[in-house]
Structure formats: C-alpha cells, structure tokens
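This report covers strand pairing and aromatic contacts in one model. The structure is shown first, and the description follows.

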Amino acid sequence: MTIAQAVSRFGSSAKAKLANPAATGEPEDQLRDPFERLVLDVATLLGLPAGAVVPVGETALTAERSRPDYSVTLRGALTGFVELKAPGKGADPRRFRGHDKQQWQRLQSLPNLMYSDGNEFSLWRAGALAMPIVRLVGDIESSGAALGGDHLLTDLFDAFFAWNPIPPTTAPELATLSARLCRLLRDDVTEALARQSAALTTLAQDWRDLLFPSASDEQFADGYAQAVTFGLLMARARGISVSGSLHAVSSALQPTSSLIGTALQLLTDSAEARQDLSTSLPVLQRVLEGIDWARISRGRADAWLYFYEQFLEVYDSALRRKTGSYYTPPEVVSGMVSLVDEVLRRPGFGLIRGIAAPEVTDRRSCNRHRHVRARRAASNRGDRVG
C-alpha cells in the first residue's frame, strides 16, 4: 500500500460515514473509525510491525470535554495524543473560538499532540507548531476515494510516532517543564471534580476532613497536582524510576522520604482516579522519567533553592505572588548573617559566640510559641479563644 492508497481509503470511509443519514453525534465522531484505520495504515507504511501502534479512544465524548480524543501508544509506551475536529474547522487551534479555544489552552501543554479535521493535519509540541500543517487534496466530506495525500502526511505521522521526551539539563528548564505538566494535571483534577468523579470527589472530601476543612475544589486540585508532581520529582532525585507503578514509586520513597511517599500513595492508589487523569498523569510520568538529577544539579546542594520560585512563575504566577514565594539570594543571606554575628560580638552585646550564643533567639518564634501556649491554656480552662 502507498500513502496515496491509504488516504484514498480514508476518504472513501469518511465520506460514507459523514453522508450516512443514520449517523448520530458530532461530525468529528464520524471520523473516528476512518482515522483509526489511517493511523494503522500509515504505521505499516513506516515499517512498524502490526500491533506496535495502538490508538486508544476516549470513551466519554461530551460537548464540554477537554481531554483529547485519542492517546496513542507505540510498543506499549505513550507517544502522543490526537484531537479530532469537525470537517472545516481546520487543524490550527490558534484560530479556534469558544470551547475549542479553551480546550487548546489546556492541551497546549502536551509535548506531542496532533490535530485533524480530516482535511488538515498538524503536529504541536508544548504549544508550538512542530512542522508545517499538511492539507489533503480534495474534501473529506465529498471527495471519497479521490481524496489525495503525499509524503508530507507520512512525514508528519513519522514525527508523531518518533517523539521522545527531551530531558531538561538545568534547574530552570526542569522547573518550566514540570510546571506546565503540573498545571495540566491540576486542570484534569478540576474537570474530574466538576463532572463529579466518584474517586476524586471522595479523595477531596478526605483531604478536607484530614487537612484543610475549608478547601475548595480548586484548592484541592492545586494541592493534589503539586503533591504528585513534587513526589515524582523527589523520586527522580533519589534515582527511583517513575515509569511504572506509582504504588511502587511511593513504596521506594518511604525509607528516605516517608511523608512524600505516603502522600503520593494516598493520592494515586485509586485506579478510578488514575483513569480520570489518564491524559496528564501518564505524560508527567513519561517526561519526568528522563530526568538526570545529578546532571541538572551538577553536584550543587543548593540546586533546589530557587526551583519552587521558578516553578510557580510558570505554573501560576498569581499563586506565587499570593504565597510570597520569593527567595533571597544566598549571598545576601550570608552577608546579613555575618553582619549580625559581628554586631553581637561587639562590646554592646559582648556575646563571644555571636549568633550561636544561647541567648540569641528568634523573637517571632518566641511570640508564636507564647501564643500557642496561651491558646492551649485557655482551651484547657474552657475559655473562648478568638
């Protein structure tokens, strides 16, 4: 089979579907079977063995969904996603409006995403167009077997199938990459809660009961996404693989990072919850698996120092300002500490050990401890504490 023959078969099958008076659902739904066949035909043309490429369709297609129509695996590993649009909408999401535009704003964080309306095909990586948009010759709704295509379509599919994560080599690169994927995970959680996912709704309620009674769904989604992302990052920093079972990851973290390990286990143990997050969570695992922390840190113990500040700037700059996540350069901190130490050793204070003297305390810490003790005492007396 040639690419021309594969496109001809795609056109013939799609026309029959789209023109069938018994067809139900949205026009893009009628492209699903023809598109799946096209994917497998092109995979064969590219020399991939039968069964190597598997397009896995999203089962719950609703007008308000934001998950892509397909995830595609190659030899059992996630390689990318596909979003189908109604014929005539095109394959340039930058021109979309309404729900399609909102969906693109979420999906553009994905590292390997194909769009198609049957006439056009495009490939996107982290929101950037990876190669020129390919347009078939003819029209998917009317051309039938006369629909034409050439090697440009083959090249686009070849690039899609060949994708592999490019590991970051610096802490800022890692912060940017993980922040985008964490944001995608947060949005997946938020959407699952909005459609009243049983697993995540229960988990959110447990979160409130145990930790934050007044937390909104948005706050839970934010906490969930960041906890999982940093749990996986911590695992990679410890040299633990995150490509397989997340239960195994959490267990491997327990000996050295029991709190992180326990949090990761609680948040990811539910198979139903993982299914709700089947777009973002597998991508996060696949991309973070390639991290070489030793290379990123270059042996510096302070490599994490600015990480969260940079992470938050990409993830949610408004949250960064709200939480005051700004870090003083270590050179400034060192200078301030040295200055205070020097002053404490002078005659006015006369502390030979300077800042290390037992008489030196953090007044704010003392005030906090006194306030806590006062609240406990009042509580024991039965007083009302404001």
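S71 stands opposite F81 in strand 3. The model is predicted, with local features requiring pLDDT of at least 70 and side-chain atom pairs counting only at pLDDT 80 or more, while totals for chains, interfaces and linings use all residues. Residues are numbered from 1 along each chain as its sequence is written, and side-chain values use heavy atoms, with hydrogens and water left out.

Helices (H or I, at least four residues) and strands (E, at least two) are DSSP runs numbered from the N terminus; two strands pair if DSSP finds at least two bridges between them. Strand 2 (residues 70–74) pairs with strand 3 in the antiparallel sense, over five bridges. The two strands form a hairpin with two residues between them, and R75 in the turn has a positive phi of about 55 degrees.

Strand 3 also pairs with strand 4 (residues 113–116), here in the parallel sense and over four bridges. L84 has S116 in strand 4 as its bridge partner. Together with helix 3 (residues 98–107), strand 3 and strand 4 make a right-handed β-α-β unit; right-handed means that, with the strands pointing away from the viewer, the path from the first strand over the helix to the second runs clockwise.

Buried means under 20% relative accessible area, exposed over 50%, and partly exposed in between (1.4 Å probe, protein chains only). Strand 3 (residues 77–84) has seven of its eight residues buried, so it is largely enclosed by the rest of the structure.

A pair of aromatic rings is described by the distance of the centres and the angle of the planes. Rings of Phe, Tyr and Trp (its six-membered ring) pair if their centres lie within 6.5 Å; planes under 30 degrees apart count as stacked, over 60 as edge-to-face and the rest as tilted. By this rule there are 14 aromatic pairs. Two of these are tabulated below.

| Pair | Centre distance | Plane angle | Class |
|---|---|---|---|
| W104 and Y115 | 5.9 Å | 70 degrees | edge-to-face |
| W207 and F212 | 5.8 Å | 40 degrees | tilted |

W104 in helix 3 and Y115 in strand 4 are eleven residues apart, and their pair links distant parts of the chain. W104 is buried at 6% relative accessible area, and Y115 is buried at 0%.

One aromatic cluster is formed by F10, F35, Y70, F121, F157, F160 and F161.
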